[in-house]
Amino acid sequence: MNDLRDAAEWITAADRVLITAGAGLSAAAGFDYTDHERFAELFPALHRAGLRARYEMIGRDLPAEYLWGFWAVHTKDIRFNPGPSPLYEQLRGIVGDRDYFVMTSNVDQLFSRNGFDADRMYTPQGDYGLYQCLTPCTREVWPSEPIIRQSLDNYDPATGKVSPEAIPSCPNCGGRVFLNVYAGAWYINDHFRPGLDRLNDWLAETRESGETLAVVEIGAGFNTPGVIRWPGEQVTRALPNARLIRVNRDHPDVPDDLADRAWAIAADARTVIEQLTHPSGASS
Ligand SMILES: [Zn+2]
């Protein structure tokens, strides 16, 4: 684990931290889209129908009453559960007083729900906490909590269905709606642009100040590398005072041109965050 010790020293020494995170981080925090056991527990009807994991539901077209049964239970679990996430809290502790920014493909807001400032985040793929028209008839988006609650109040776990009158619809045109996350050309992202503008300003400041930057990439693989993984590499390339710390169990490799200022840590996010939190090796 020499690389991890070097990486920890770099994070400690860095003036600024850019966290770039993908699905691997939330999976390590207990929200694993590939977890068969949890799927069977939460979605007994879908499990009986032969489905085994949440990722199989992404982009799947089903009759609306089944679709909203799944999305309501899933969103409640991953976006509206009231509990803190110890793993995200530990990550916040590692960042400490350093000037930071977060860029994540995760749409669960686990960063802002565990001590990270919502104004220091860019979430290009959206937020389960909002919903939108699928037409879309307007660029407006709305908080999803009421439609999730309405669906759950009218949901039967035995059948996996939401009763037809409780299926959400557009407040503006009455048409079909979906959560405000990137899953097609209908996706409305206007309201996430200010996050990108703030990230760009923050990076410009980082360059002008000459301060050192640790780009800490966690669990961002090759599902959508253009969203998190490659931009993080580009930032590292563009800023001479930046170093890249890549935490990835399955795809830790770093590009050759960054080899002398990148650490590849082939371990899952939980292991690494716990070791960075307790560098002496103590387990509690
Ligand atoms: Zn509409």
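Predicted model: local features only at pLDDT ≥ 70, side-chain atom pairs only at ≥ 80, totals over all residues.
Strand 9, residues 213-218, and strand 10, residues 242-247, are joined by six bridges and run in the parallel sense. Both strands belong to an open sheet of six strands, arranged in the order 3-2-1-9-10-11 with parallel pairing. At the edges of this sheet stand strand 3 (121-122) and strand 11 (262-265); each has a single partner strand, so one side of each is left without a neighbour in the sheet.

A further sheet is also open, but it consists of three strands in the order 5-4-8, and its pairing is antiparallel. Its edge strands are strand 5 (142-143) and strand 8 (177-181), each of which pairs on one side only. Strand 4, residues 126-133, is connected to strand 8 by five bridges, and the two run antiparallel. Within this pairing, Asp 127 has Asn 180 of strand 8 as its bridge partner.

The chain as a whole may next be considered in terms of its domains. The domain assignment places the segments 2-29, 85-124 and 189-277 in domain 1, and the segments 36-81 and 129-181 in domain 2. The C-alpha centres of domain 1 and domain 2 are 30 Å apart. Where the domains touch, five residues of domain 1 are in contact with six residues of domain 2. The side of domain 1 that touches domain 2 is made up of one nonpolar, two polar and two charged residues.

Attention may now turn to the helices. Two packed helices are described by the angle between their axes and the distance between the axes. Helix 6, residues 86-95, and helix 10, residues 269-277, have axes that come within 9 Å and cross at roughly 45°. Helix 6 and helix 10 are therefore oblique to each other. The crossing of helix 6 with helix 10 is left-handed. On the helix 6 side, the contact involves Leu 87, Gln 90, Leu 91, Gly 93 and Ile 94, which meet Arg 270, Ile 273, Glu 274, Leu 276 and Thr 277 in helix 10. By class, the residues of this contact comprise five nonpolar, three polar and two charged.

The crossing of helix 5 and helix 7 is left-handed. Here Trp 68, Ala 72, Thr 75 and Lys 76 of helix 5 meet Ile 148, Ser 151 and Leu 152 of helix 7. Four nonpolar residues, two polar residues and one charged residue make up the contact of helix 5 with helix 7.

Two details of the backbone complete the account. The peptide bond joining Thr 135 and Pro 136 is cis, with omega of about -25°. Pro 136 is located in the loop between strand 4 and strand 5, and those two strands are neighbours in the order 5-4-8 of the three-stranded sheet. The other detail concerns Gln 109, which is not a glycine and yet has a positive phi of about 55°. Gln 109 is found in the loop between strand 2 (99-104) and strand 3, strands that stand next to each other in the order 3-2-1-9-10-11 of the six-stranded sheet.

Conventions: Residues numbered from 1 in each chain as written. Axes fitted to C-alpha atoms, helices over the stretch in contact; angles between N-to-C directions. Helix = DSSP H or I, 4+ residues; strand = E, 2+ residues; numbered from the N terminus. Parallel < 35°, antiparallel > 145°, perpendicular 65-115°, else oblique. Left-handed = near helix turned anticlockwise from the far one by under 90°. Contact = placed C-beta atoms within 7 Å. Nonpolar A, V, L, I, M, F, W, Y, C, P; charged D, E, K, R; others polar. Domains from an automatic or database assignment. Pairing = 2+ DSSP bridges.
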